[in-house]
Amino acid sequence: MTIFATMRRAAVLGGVALAAIAISGAAFAQKTKLTVYTAIENEQLDPFKKAFEADNPTIEIAWVRDSTGVMTAKLIAEKDNPRADVIWGLAASSVGLMAGMGMIEPYTPANAAALKPIFKSGKSPETWVGMDAFLAVVCFNTAEAKKGNKPTPTSWADLIKPEYKDSIVMPNPASSGTGYLTIAGWLTIMGEEAGWKFMDALHQNVSQYLHSGSAPCVQAAKGERLIGIGFDMRGATEKTKGAPIDLIVPKEGLGWEMEATAIVKGTKNLDAAKKLADWASSPKANELYGKYYAIVANPTVKSMPPNYPADGEKLMAKVDVDWMAKNRERILAEWTKRYDGKSAPKAK
Amino acid sequence: MSHLEVRNLSKRYGDFTALGDISLDIAEGEFVCFLGPSGCGKTTLLRAIAGLDPQSSGTIHQKGRDISALPPSKRDFGIVFQSYALFPNLTVVDNVGYGLVSRREGKAAVGRRVTELLTLVGLPDAGPKYPAQLSGGQQQRVALARALATSPGLLLLDEPLSALDARVRLRLRHEIKALQRTLGVTTIMVTHDQEEALTMADRIVVMNQGAIEQVGTPQEIYRRPATAFVADFVGSMNFLAGTLVAPDKVKVDGFTFDCTAQDGLAPGAKVALCIRPEDVRVRDLPTDIANRVAVEVAELDFVGAFCRATLKVQGTADVAMTADFSSNLIRDLGVELGRKLDVALPPDRLRVFAA
Amino acid sequence: MTLAASNRSPILRVAMSRDDLMMRLGVVLFAVVLLVIVGLPLWSLLAKAFEDRDGKFVGLANYVSYFSTPALFDSALNSLHVAAVCTLIVVPLAFFYAYALTRTVLPVRWLFQGISLIPIFAPSLLPGLALVYLFGNQGFFKGALGGPIYGFDGIVIAQIFYCFPHATLILVTALTTADARLYEAADALGASKLRVFFTVTLPGAKYGLISAALVVFTMVITDFGIAKVIGGNFNVLATDVYKQVIGQQNFSMGAVVGMVLLAPAAIAFLVDRVVQRKQVALLTARAVPLIPKPKLGRDLFFTAFCTVVAAGILVILGMAAWGSLIKYWPYNLSLTLANYDFTNFDASGWDSYFNSVEMAVGAAVFGTTLMFVGAWLNEKTREFYLMRGIVQFLAFLPMAVPGLVLGLGYIFFFNAPNNPLNFLYATMGILVVNTVAHFYTVGHLTATTALKQIDPEFESVSASLKVPVWRTFGRVTAPICLPAILDIAIYLFVNGMTTVSSVIFLYSSDTKLASVAAVNIEESGATAVAAALCIVIVITSAAVKTLHVLADRFLLGRLQAWRRR
């Protein structure tokens with residue numbers, strides 16, 4: 001083949017490629033791209049996106065995902081020029097905080113009426129709608145327990161027994177939302193005075209306050225610790241992967257938190273955003289949540305993902321979300337004063 | 001016509017005056033040396049003339065054109081630094097042609113000019129080499145060729161020889177001087193080496209503490225230093241402390257010496273009576289010769305071609321001077337330590353400065 | 001009419017040449033760029049230290065409330081304590097290692113040198129993970145430390161690993177510039193080896209030692225990645241920022257701690273400035289390079305020493321590598337490659353890795369150009385002192401700033417609706433710009449040092465030859481500084497691959513980075529996968545560095561024939 005022939009072929013191929021790009025670009029252009037901020041787990045991103053896009057072929061989801069703290073900080077920092085269209089899968093307390101700052105576009109999604117009342121903001125129209133609830137459970141490593149001959153705890157009261165000295169980890173409420181909901185749960189169930197007394201006692205058994213809500217159950221799963229108090233779903237997936245842990249729901253009741261959906265005020269794609277909000281509260285979506293979480297917003301959806309504690313929903317503390325939000329600074333200051341400042345020397 | 005006119009030039013750094021009110025004319029084609037100890041302002045003056053460190057006040061005219069406020073690139077000069085400042089990553093050819101290429105002269109013309117310059121500085125074969133492959137002296141010649149390449153009206157040399165060893169330095173002195181004479185380019189060289197200034201310059205500008213002490217030909221500077229500083233800095237000089245007793249008489253520790261009439265000094269003034277060691281006469285002294293004194297040889301230093309003797313003047317507490325005696329003289333007169341002899345200080349060789 | 005005539009002639013104003021004008025314009029432009037990428041973003045966050053949560057000005061109220069919290073003093077003391085201990089361990093360790101590399105005859109010296117660099121290529125997550133595998137409650141050597149790895153001990157060990165190469169690099173440079181003549185003189189005077197060491201070697205490396213100490217100190221103070229993973233309950237200032245910003249979204253308090261954090265780091269760098277200024281004078285002396293001669297006892301001792309240190313580094317790296325192949329630590333130790341199939345653990349999968357490479361290359365290209373041209377403008381512009389001082393200050397700022405603070409500042413500044421640059425937000429571009437800004441100081445210093453070492457009269461000669469400055473920049477200055485330019489590019493690339501704390505706020509749906517993904521994956525419990533991603537990052541950076549060394553030896557060697565005599 002001569003050089004010229006090669007060049008001609010290359011030119012033809014190039015032209016075809018260009019045309020292909022142009023066509024796909026045109027197809028692209030017809031789709032509305034929704035920027036969705038989320039803190040759901042990595043493995044859920046793809047199934048959620050695919051399921052929604054299958055029902056809404058004209059909309060494309062572009063995820064931005066990080067931990068709850070990072071996403072909340074990012075959303076608030078972007079307040080003056082919001083970049084997200086929709087929040088789908090962020091702690092309801094965070095979304096509530098943003099609603100209070102006027103960052104949320106109120107909208108009652110089509111399927112909201114069918115959801116359990118606690119999974120809604122209670123405003124009209126709704127500022128946010130819940131998806132699923134997660135609990136701050138006790139992850140108990142049975143393999144390490146056998147080695148150390150430790151009994152299985154069934155209640156919070158068990159955890160302050162001396163045999164668990166230095167074998168408990170929990171999230172630091174000043175760094176982690178899960179940490180805060182855990183102690184808010186205790187204060188609700190036991191009342192403030194008894195709650196702090198319990199934490200004083202528990203502090204003697206806690207070896208470490210971690211900076212993440214997932215970490216305690218992960219550490220328990222890997223035998224780093226005997227007991228982790230933390231995010232239930234993380235414990236369940238670790239167990240599915242083969243970790244020798246049990247997820248225990250203490251019988252006194254426990255703190256919990258929801259993941260919620262909301263539309264960001266100022267979105268340029270309001271129609272598409274509403275479609276996503278509608279879909280996110282649909283039974284179909286709730287069934288999808290049910291693959292990962294035991295407790296979902298729609299009461300008709302029966303879900304039981306593998307290795308989840310059975311009776312969590314019944315034991316959910318009657319937490320007043322507004323109270324939680326209003327008293328956050330005070331409680332964290334108290335907690336920090338009692339445990340964070342003086343915990344340092346113990347580490348050595 | 002002057003090539004360069006410097007008027008009332010001053011340079012201040014905060015409270016420190018580096019140059020104070022300097023005025024100077026340099027003729028077309030002249031080779032001028034700025035001579036002085038380090039810190040005297042000679043390099044500052046050169047850099048002001050180049051526009052590299054502009055003066056605080058005063059004017060500079062080059063060929064009648066006011067260049068006082070012009071940046072270096074708008075002035076007409078070539079410069080060679082003590083460090084040569086050759087571009088290490090360019091060959092000798094590229095270094096020399098550096099200023100020519102940007103003038104958009106033809107490649108062939110540039111090539112011819114570079115060859116011509118390299119031949120001129122005696123390095124016709126160094127073209128393809130890098131500076132690091134050349135000796136110090138060769139690098140200095142390349143720097144010179146580069147500075148001359150654009151045929152500047154003024155050549156500035158900032159201590160160009162001080163980084164070289166003595167032998168190469170001597171040879172380059174003559175080569176630079178010869179080159180300058182051939183090309184007729186007006187040249188200013190900064191140096192702290194008086195010998196270099198005396199052998200190379202048409203005129204020397206002696207500087208001290210930011211001011212000009214004297215301007216003159218090498219002979220003038222050496223023979224008739226205008227100030228005690230110049231007398232001391234250029235060549236060797238004996239300083240005898242005394243008092244002016246008459247316009248042409250200086251009394252030193254009981255001895256009265258005749259000298260040329262001093263107009264600027266009032267009788268009774270404290271003065272220094274100066275004579276160069278080689279001007280002390282010792283051979284064939286007529287009996288009536290002026291300023292004859294008896295001395296004793298206190299020290300004798302062998303310097304090579306001659307000996308430098310320290311002579312104690314008899315009948316004084318501690319008046320002493322040095323004198324240069326040739327080897328012949330030492331042999332003929334049998335000069336040795338402790339030897340007593342008579343010497344004369346010729347009045348026309350004596351200089352008197354206010355003390 | 002003339003006013004009272006002064007007896008001094010008027011002060012002369014020298015007209016600027018086109019070059020001068022261009023250079024000054026360049027400096028101004030450069031200052032504006034630095035202001036945009038460093039100054040303003042920082043200010044837009046730090047200003048919040050004086051506002052309450054609703055943005056109302058409250059003066060020093062936040063400082064008062066922060067300083068009245070006892071936790072602050074614990075954190076500040078802890079920060080100082082851990083930084084001091086790390087400095088005291090790393091600097092001597094690095095000094096003897098650098099001494100061995102430069103002053104003794106080591107077998108496979110290049111290998112020891114290469115191993116000492118490895119920690120630079122690793123995200124700060126890596127030593128944390130490896131230490132848990134090694135000394136955690138299920139680790140191989142659990143209990144070997146006499147206490148839990150979480151906390152002070154863990155931070156110190158991980159920081160030693162992390163800071164060691166930085167200190168070693170500085171000290172190798174310091175020891176390489178030694179003058180052999182001093183040692184010959186000391187030998188001739190019959191000084192004992194110990195005396196020579198204390199009177200010649202140590203003083204000669206004094207500035208290097210001070211610089212190394214300051215760098216290590218500042219790195220430990222500002223880093224939060226290590227403290228977060230392995231710090232346990234040991235609170236330090238950097239984790240306090242994390243708690244305020246990420247845990248409680250309290251930007252005002254975060255800004256307050258950020259300001260407090262600036263103080264020790266800023267002091268450290270002021271000291272460094274003073275020291276550096278003196279060092280320039282020291283380097284101008286013409287020294288004869290010292291080439292070590294073999295000496296059995298000494299060489300054996302230092303070979304053993306280096307072997308132990310290198311083994312330490314390799315054990316940590318190897319542990320992470322091995323951990324990345326384990327199915328389920330510690331209950332199923334069978335090996336698998338599944339952890340490298342990142343798509344199963346993070347939706348962006350390998351994409352984030354390629355994003356990282358793209359970002360790191362972008363930072364290397366854009367950053368090196370900006371840093372070198374900027375440093376050149378700032379060094380070679382005549383007079384114009386005020387502006388150049390401002391530039392110097394802005395270039396120094398980033399070293400003292402924790403990444404979290406810079407990253408948040410970027411949101412506030414670049415996302416502002418009235419900022420004409422807000423089109424950059426949520427693009428790859430802003431990640432590149434942010435990374436360049438975050439690592440600005442070291443690159444700028446490297447460029448400045450290289451420029452200071454070349455003859456200042458090059459520009460004077462060019463002016464006298466009527467050659468424009470930019471031509472001399474292109475034909476002479478840049479080619480001479482090529483090694484430094486490549487060093488800067490590599491530095492930016494390597495850091496671009498591992499940076500987390502600042503960019504974590506700035507990536508968008510299609511620009512997630514591998515280093516951030518590793519942190520997310522670790523948080524989700526997939527420790528082995530996080531380790532795998534770290535290992536991939538290490539391999540990439542090490543490969544690029546190897547390429548650099550090879551290119552330097554074989555390719556550039558030919559281009560740089562002029563360096564040889």
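Colleague: How many residues of chain A are in contact with chain C, and how many of chain C with chain A?

Modeller: The model is a predicted one. In it, 57 residues of chain A touch 60 residues of chain C.

Colleague: What area is buried between chain A and chain C, and what percentage do carbon and sulfur atoms give?

Modeller: Buried area is the accessible area that two parts lose on being put together, summed over both. Here the figure is about 4,800 Å², with 49% coming from carbon and sulfur atoms. On the chain A side, His211(A), Lys222(A) and Glu224(A) supply 15% of what chain A buries against chain C, more than any other three residues.

Colleague: How many salt bridges and how many residue pairs in polar contact are counted between chain A and chain C?

Modeller: One salt bridge is counted between the two chains. Lys243(C) pairs with Asp340(A), and their closest N and O atoms are 2.5 Å apart.

Colleague: Which elements of chain A supply at least two residues each to the side that touches chain C?

Modeller: Among them are helix 2 (42-55), strand 2 (59-65), helix 3 (68-77), strand 7 (206-210) and helix 14 (328-347) of chain A. Helix 14 of chain A provides the largest share, nine residues. By class, the side of chain A that touches chain C holds 19 nonpolar, 18 polar and 20 charged residues.

Colleague: Let us turn to the aromatic rings. How many aromatic pairs does a search of the whole structure find?

Modeller: The search finds 45 aromatic pairs over all chains. One of these is formed by Phe87(B) and Tyr98(B), a tilted pair at 4.5 Å centre to centre, with 50 degrees between the planes.

Colleague: Why does this pair tie together parts that are 11 residues apart in sequence?

Modeller: The reason is that Phe87(B) lies in the loop between strand 6 (78-80) and helix 2 (92-96) of chain B, whereas Tyr98(B) belongs to helix 3 (residues 98-101) of chain B. Phe87(B) is buried, because its relative accessibility is 0%, and Tyr98(B) is likewise buried at 0%.

Colleague: Which residues of chain C do ring pairs link into a cluster?

Modeller: The cluster consists of Phe95(C), Phe96(C), Tyr99(C), Phe197(C), Phe198(C), Phe301(C), Phe302(C) and Phe305(C).

Technical notes
Residues are numbered from 1 along each chain as its sequence is written. Chains are lettered from A and ligands numbered from 1 in the order in which they are written. This is a predicted model: local features need pLDDT of at least 70, side-chain atom pairs count only at pLDDT 80 or more; totals for chains, interfaces and linings use all residues. Side-chain values use heavy atoms; hydrogens and water are left out. Contact means heavy atoms within 4.5 Å. Buried area is the accessible area (1.4 Å probe) that two parts lose on being put together, summed over both. A salt bridge is a side-chain nitrogen of Lys or Arg within 4 Å of a carboxyl oxygen of Asp or Glu. Helices (H or I, at least four residues) and strands (E, at least two) are DSSP runs, numbered from the N terminus. Ala, Val, Leu, Ile, Met, Phe, Trp, Tyr, Cys and Pro count as nonpolar, Asp, Glu, Lys and Arg as charged, and the others, Gly among them, as polar. Rings of Phe, Tyr and Trp (its six-membered ring) pair if their centres lie within 6.5 Å; planes under 30 degrees apart count as stacked, over 60 as edge-to-face and the rest as tilted. Buried means under 20% relative accessible area, exposed over 50%, partly exposed in between (1.4 Å probe, protein chains only).
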